[in-house]
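Could you open the structure in your viewer and keep the selection box handy?

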Amino acid sequence: MKIYLVGGAVRDTFLKQTVVDKDYVVVGSSIEEMLAQGYQQVGKDFPVFLHPKTQQEYALARTERKTGNGYQGFSCDANKGVTLAEDLLRRDLTINAIAQDSDGNVYDPYNGIDDINAKVLRHVSDAFIEDPLRVLRVARFAARFHHLGFTIANETLQLMTKIAHSDELNHLTPERVWQECDKALASQSPQVFFDVLKQCQALAVLFPEVDALFGVPQPEKWHPEIDTGIHTLMVLEQTSLLSDNKAVRFAALVHDLGKALTPKQDWPKHYGHGQKGLSVIKKLCERIRVPNEYRDLALLVSDQHQNVHNAFELRAETIIKLFDKGDFWRKPQRLTELLSCCHGDMRGRSGSEQVQYPQAEYLQHCYQLANNVDVQSIITAGYQGSQIKNQLQLKRIETINTYKIQQLK
């Protein structure tokens, strides 16, 4: 029995990245032998075990054969005769098909180190096309390593396109699609994930609501980039520079989905697009099982981002309604999240990547003033029941009006 460190841990060591998880492959053993040594089997479809002390994952070397649709449509052979090279051959990318033994010897039968040095994401074999999940995984790796200069090999992108043209992507479970999307949102360049999916024509299958934005024009005066799809990816990029919150980044991605619903005769203007997009966002979130926290923020941003952009023109009553709608009194962080998206939206336009966003400071100050209104003094004045809430609202509006007048002087 021989044990090798494989996959991401070896790859990230060569990339000088922090190694988080370590996975091992075991060559020349069996399920019975692993159990006899105290390993706990956790894989139902594949022979994967947890080490009795470290709880790290150890998998028997295996080969796979396509037997059905989707990423689960495989039969697995993990007999003792499966070699390390055969196990590595079934992996997705050459940079993930490198192994290292306990003495530090490196095994790289598919030239993954060369591709790391060349900064190329390349499939190991033509078996790549058998697993539709790999379209999402390669797009995610492209987003994760974009800042290091990695690109996708043309032949790999061609295979991804071939998968997109087949029916295989439709067999991915919503949960798995969201899992990959969520990981991509945590990467340094999440916009690259969706750009890659667009390039291989998988975006129309997996995220049709986002794909529908490409080719939809906007007024050149406010959007020199014109195309709404391009704007959306620029907004996601800029918002990601402002916040590492995945919910904020998702909200940035979907904030303009309503523009795809604008009748062509009304182009390039998009009246009420924020409100039109609410039903689209809800359906998208329901379809791919997006967490409620992400969905709720996305709906708020779609509904209110135009108001936030126009913050200095809003009446005090409208500002208070915005705060009420966002439930900022109980969730003050939501205001910061909303403002991050709106700042990213303003910067996600050609030539505006460095613009400041005074609306954010203005609304934050309005919120602090309104939130500091003393409820106890209202109660002491003799107000009861619903009167307290009404008076609180009036006081908050009065406070913001006073501030607005001061700003005009």
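Start by selecting helix α7, and then show the elements that cover its buried residues: these include α5 (133–144), α8 (190–199), α9 (203–206), α12 (246–254) and α14 (292–309). Keep in mind throughout the tour that this is a predicted model. Helix α7 itself runs over residues 174–185. Its twelve residues reach 16 Å from the first C-alpha to the last, close to the 16 Å expected at 1.5 Å a residue. Which residues of α7 are buried? Colour Val-177, Trp-178, Glu-180, Cys-181, Asp-182, Ala-184 and Leu-185, and you have them.

**Zoom out to the chain**

Now show the whole chain as a cartoon. There are 19 helices and eleven strands to find. The C-alpha atoms fill a box of roughly 85 × 55 × 35 Å along the principal axes. Of the 409 residues, 49% are buried. Switch to a surface view: the chain exposes about 19600 Å², and carbon and sulfur atoms supply 49% of that area. Take the contacts between residues at least 6 apart in sequence, and you will find that 64% of them join residues at least 24 apart.

Next, select Val-26, which lies in strand β2 (residues 23–27). Is Val-26 buried or exposed? Its relative accessible area is 1%, and because buried means under 20%, Val-26 counts as buried. Leave aside its neighbours within four places in sequence, and Val-26 is in contact with Met-1, Lys-2, Ile-3, Met-34, Tyr-58, Ala-59, Leu-60 and Ala-61. Then try your distance tool from Val-26 to Asp-211: these two are 185 residues apart in sequence and 43 Å apart in space, C-alpha to C-alpha.

Rolling a probe the size of a water molecule over the atoms shows where empty space is left. The count comes to one cavity of 30 Å³ or more, and the largest cavity has a volume of about 30 Å³. To see its lining, select Val-26, Val-27, Gly-28, Ser-29, Leu-60, Ala-61, Ala-78, Asn-79, Lys-80 and Val-82. By class, that lining has six nonpolar, three polar and one charged residues.

**The second largest pocket**

Move on to Trp-222, His-223, His-273, Gln-306 and His-309. Of the 28 residues that line the second largest pocket, these lie nearest its centre. The elements that give two or more residues to this lining are α13 (273–287), α14 and α16. Which element gives the largest share? Select α14, which supplies seven residues. The pocket has a volume of about 650 Å³, and its lining divides into six nonpolar, 16 polar and six charged residues.

**Helix α19**

Now select residues 386–408, which form helix α19. With 23 residues, α19 reaches 34 Å from its first C-alpha to its last, close to the 33 Å expected at 1.5 Å a residue. Show the side chains of its buried residues: Gln-391, Leu-392, Gln-393, Arg-396, Ile-397, Ile-400, Tyr-403 and Lys-404. Bring in α15 (316–325), α17 and α18 (375–380), which are among what covers them.

Select Ser-352, in the loop between α16 (333–347) and α17 (358–371). Why does Ser-352 count as buried? Its relative accessible area is 18%, and buried means under 20%. Not counting residues up to four places away in sequence, Ser-352 touches Met-346 and Arg-347.

The next stops are about backbone angles. Most residues other than glycine have a negative phi, and most peptide bonds are trans. With that in mind, select Gln-55, in the loop between β4 (48–50) and β5 (57–60). Gln-55 has a positive phi, near 65°, and is partly exposed, with a relative accessible area of 42%.

Then go to Asn-111, in the loop between β9 (106–107) and α4 (112–118). Here phi is also positive, near 60°, and Asn-111 counts as partly exposed at 44% relative accessibility.

For the last stop, select Trp-267 and Pro-268. The peptide bond from Trp-267 to Pro-268 is cis, with omega near 5°, and Pro-268 is found in the loop between α12 and α13.

Terms used
Residues numbered from 1 in each chain as written. Predicted model: local features only at pLDDT ≥ 70, side-chain atom pairs only at ≥ 80, totals over all residues. Heavy atoms only, no water. Helix = DSSP H or I, 4+ residues; strand = E, 2+ residues; numbered from the N terminus. Expected span 1.5 Å × (residues − 1). Buried < 20%, exposed > 50% of the residue type's maximum accessible area, 1.4 Å probe, protein only. Contact = heavy atoms within 4.5 Å. 1 Å grid on protein atoms, 1.4 Å probe; cavity = no way out; pocket = protein on both sides within 12 Å on 5 of 7 lines; lining within 4 Å. Points joined across faces, edges and corners; volume = space filled by probe spheres on them. Nonpolar A, V, L, I, M, F, W, Y, C, P; charged D, E, K, R; others polar. Areas by Shrake-Rupley, 256 points an atom, 1.4 Å probe, with all protein chains shown as cover.
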